[in-house]
Amino acid sequence: MDEDVLTTLKILIIGESGVGKSSLLLRFTDDTFDPELAATIGVDFKVKTISVDGNKAKLAIWDTAGQERFRTLTPSYYRGAQGVILVYDVTKRDTFTKLDNWLNELETYCTRNDLVKMLVGNKIDKENRDVDRNEGLKFARKHSMLFIEASAKTCDGVQCAFEELVEKIIQTPGLWESETQSRGVRLSDHEERGGGGCGGYCSLV
């Protein structure tokens, strides 16, 4: 079944507890939203195959607990990851200010320097916004991250966040091919897409 899959990518979702990491994952993989979703304990893990620019990639997505007491497996989360989605809640400033801690942890444990990072400001469906879009964009640019605002509830930006991340990984030489070269897999010629299909959500840095 996997013969036409170009590569398998390990993607992490990290960020403070309660920012909606599990909801984003559930929306992306199962297209459902559960407002009563319980906090993740340890690690949740889902697999989804997507097609980006004619290349199929199987994503092994690790959803990690944001609460300190559950985070005993930290180094093994990060090992071998090619992409990471860093999530904050646009209605809670403290989840944004703590992004630096998560980036430090990423640098400490991650085994690759060319890892692709995507910053996601979640819960844009809510009224009481506390973090301006430009602040998120500025932070993302400063740390060479992709950036998107999203809502797991309304589905806004969710698919795009994962697709942009995967597209960038596939465009990054050396990040994934070592595992696939032996099978003689070749990327289809990548055509530049003007602005992408994200309806103006994505800001590639």
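Me: How many disulfides does a search of the whole structure find?
Reply: This is a predicted model, in which local features need pLDDT of at least 70, side-chain atom pairs count only at pLDDT 80 or more, and totals for chains, interfaces and linings use all residues. Residues are numbered from 1 along each chain as its sequence is written, and side-chain values use heavy atoms, with hydrogens and water left out. A disulfide is a pair of cysteine sulfur atoms within 2.5 Å. Searching the whole structure for such pairs gives a count of zero.

Me: Is Cys110 buried or exposed?
Reply: Buried means under 20% relative accessible area, exposed over 50%, and partly exposed in between (1.4 Å probe, protein chains only). Cys110 has a relative accessible area of 15%, so Cys110 is buried.

Me: Which residues of α1 are buried?
Reply: Helices (H or I, at least four residues) and strands (E, at least two) are DSSP runs, numbered from the N terminus. Helix α1 covers residues 21–30, and nine of its 10 residues are buried, so the rest of the structure largely encloses this helix. The buried ones are Lys21, Ser22, Ser23, Leu24, Leu25, Leu26, Arg27, Phe28 and Thr29.

Me: Which residue just after α1 takes a positive phi?
Reply: Follow the chain to the place just after α1. There, a positive phi of about 55 degrees belongs to Asp31.

Me: What is the relative accessible area of Lys10?
Reply: Lys10 lies in strand β1, which covers residues 5–14. Contact means heavy atoms within 4.5 Å, and, not counting residues up to four places away in sequence, Lys10 touches Ala60, Trp62, Ser76, Tyr77, Tyr78, Arg79, Gly80, Ala81, Gln82 and Gly83. Lys10 is buried, because its relative accessible area is 13%.

Me: Where is Val90 found, and which residues is it in contact with, leaving aside neighbours within four places in sequence?
Reply: Val90 is found in the loop between β4 (83–89) and α3 (93–97). Val90 is buried, with a relative accessible area of 1%. Leaving aside those sequence neighbours, Val90 is in contact with Gly121, Asn122, Lys123, Ile124, Arg129, Asp130, Val131 and Glu149.

Me: What separates the C-alpha atoms of Val90 and Asn128?
Reply: Along the chain, Val90 and Asn128 are 38 residues apart.
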